[in-house]
Amino acid sequence: MKYVDEYRDPELAKGVAATIAAEVDPGRNYRFMEFCGGHTHAISRYGVEDMLPRNVEMIHGPGCPVCVLPVGRIDDAIRLAADPRVTLCTYADLMRVPASRGASLLKARAAGADIRMVYSTLDALRIAEAEPEREVVFLAIGFETTTPPTALAIKQAKQKGLRNFSVFCNHVLTPIAMRAILTGEGDEATRLDGIVGPAHVSTVIGARPYEFVASDYRKPVVISGFEPLDVMQSILMLIRQINEGRCAIENQYVRAVTHDGNLRAQKEMDEVFALRESFEWRGLGLVPRSALRLAEAFADFDAEKRFDIRTVAAADNPACECGAILRGAKKPTDCKLFGALCTPETPMGSCMVSSEGSCAAHYAYGRFRDRSRARIERAAS
Amino acid sequence: MSLVMKPVRRKLDMREGRVDLSHGSGGRAMAQLIADIFHDAFDNDWLRRNDDQASLDAQEGRLVMTTDGYVVSPLFFPGGDIGSLSVHGTINDIAMAGATPKYLSASFIIEEGFALLDLKRIAQSMGDASRAAGVPIVTGDTKVVERGKADGVFISTAGVGVLPDGLSLSSDKARPGDAVLISGSMGDHGVAIMSRRENLEFSVEIMSDSAALHGLTAAMVGAAGDALRVMRDPTRGGLAAALNEIAHQSNVGFTIAEESVPVKPQVAAACEFLGLDPLYVANEGKLMAICAPEAADALLDAMRAHPLGREAALIGHVVEDERNFVEMTTRFGGGRIVDWLSGEQLPRIC
């Protein structure tokens, strides 16, 4: 597959792995957070960790839209779908996310709610056009990558005068979440040495919004593509910055990301959305100015207004470590539920649901390493 | 599917006509539907007797029996339709035991309003598939349900086959050291279906691999004999599900090399685009076989000599593993598990 295979070339990977091995300082550890679930998925699916030296540790970040959506908002969506007038359109990933009291969209659908899985906002728009008697609500989630398409769909709905289409907006912002992670960092042992920066998000917002990471927190960021070679090269670039005592915002993903990003997309977002005062993130809690709502000019398409949605915060399962895992403070295997009570078939927390979630990625791709480790420990004792 | 009543004189309107509730009522309309569509398409001595059952000669060896329901959407897809699929799928379930498929039955649940022309096309396709495979459809049933209670047509087929004495393949027979082979590229059927789903607007030149595999399995049994331990057609859940099931049933693990698993470039591209993994996508004309290591070369040669196994490949081995993991060396050079598919990757694929 042209333009894809090149970024998964095993020979090139061996070369980068050898360079990393040669350049790491064996006297120290390197703790990097890959911010995005896309990176987590690539690292797990291609076995990138097997190709890194032992003192380079990858911490999974919060960049998984499904994972950070708090329980209260899923509860809202389920309540919304229970309205017999409503057709709720959503991405398939969200269907199995556990809500309060063991509910989920999948169960709500089985109980008779009209919930349809779509691939894009435009699919939802088409359903609204084809079925004017239904109140079609698009459950919008995601970072800046998926926000411009939602903006376009809302503008199209307005142009077409579609009265039966609205958006339940849960779009969140990346740089502010990154700041929340860095501000909330714990002791020396869990401190990050650098960040593998978002790929698709950065195509929209550019490299500029991450500058505070270097100026305020003295840490390097390397914006990285989602292919395994991209990730490895970005890790090498981070190691080099640290070894040279630098902290800069560097861009590995030059084939798609510019310094200023996609200005047209930014303009659409600015026009259609406005900043929320505050928004709850699973794992990070309430984060001020971290999410978007529909701007006043598009209030007619705001499902929260149309259906008078008032989110009630709901607690995660107390044993679930998704919060700490999303902050990078714990690993999936640190959670007592992982692999026992919480599996992809019976997820207790959101990180086990989306394929971009750290728990799901580790469960689906990486568990054999736990066994190997257990064996090594058994053999040693 | 009996036909004791004299059919009504006027012909079925194959151009504009639709199935209505009278076609399932047991009256003349039903008799005409059965005669003009099903008997016409499946024609054989058993059906011509117009009995409610088929009496078959007792067979030497052991009988193998299977049944399968088909609800694929859309009904027609590149490389096949629900009719041919319902013949191939059931034949393959019998063939995977190493048995020779002999007879099929077919049962139809048809939604009121379904176009007679489409029903005719589906029946003809079933008849063609059954004749090409040499496995006749000897008995059947038709029901019509009200509009909205089904989706066009659902088909159930059952099959009977014969297993020669001495041969016993089963999913609990994989042993550490055994070789794992597949007969060709993975994911073709699932992607062909997806390319025709209405809410997906991409056109991929890819055909379903839907095919009857009993010729291939006969050649494999001939080449490897009782060194053949397990055969499985990786349908729903793809190769990943098949490997995980066998890992559990045999209480073993697998090591697989990703680069040895053939995937067509179009299928890989479509999967990339949709965020799917070809290892989890359904196949309807491929099989996976596990055999004693010393028989692997002969088996691979026999597979490659058959038109449906030309791209056969050795993809890995059975290993001892109490956790029953399927481990894979990625093309990239790292390691990962190939886990069970969780949730529904794509409903109504077969």
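In the predicted model, A:Ala329 is located in the loop that connects helix H14 (322–327) with helix H15 (358–380) of chain A. This residue has 17 C-beta neighbours inside 10 Å and therefore counts as partly exposed, since the buried class requires 20 or more such neighbours and the exposed class 12 or fewer. A:Glu250 lies 79 residues away from A:Ala329 along the chain, and the C-alpha atoms of the two residues are separated by 25 Å.

In chain B, attention turns to strand S10, which comprises residues 288–291. Strand S10 of chain B pairs with strand S7 (residues 179–182) of chain B in the antiparallel sense, over 4 bridges. Within this pairing, B:Cys291 of S10 is the bridge partner of B:Ala179. An antiparallel pairing over 4 bridges is also formed between S10 and strand S8 (residues 228–232) of chain B. Here B:Ile290 of S10 stands opposite B:Val230.

The side chains of a regular strand alternate between the two faces of the sheet. In S10 of chain B, B:Met288 and B:Ile290 belong to one side, whereas B:Ala289 and B:Cys291 belong to the other.

Regarding confidence, chain B has an average pLDDT of 92, and 94% of the residues score at least 70. For the complex, the predictor gives a pTM of 0.86 and an ipTM of 0.79.

Conventions: Residues are numbered from 1 along each chain as its sequence is written. Chains are lettered from A and ligands numbered from 1 in the order in which they are written. This is a predicted model: local features need pLDDT of at least 70, side-chain atom pairs count only at pLDDT 80 or more; totals for chains, interfaces and linings use all residues. Helices (H or I, at least four residues) and strands (E, at least two) are DSSP runs, numbered from the N terminus. Two strands pair if DSSP finds at least two bridges between them. pLDDT is the predictor's confidence in each residue, from 0 to 100.
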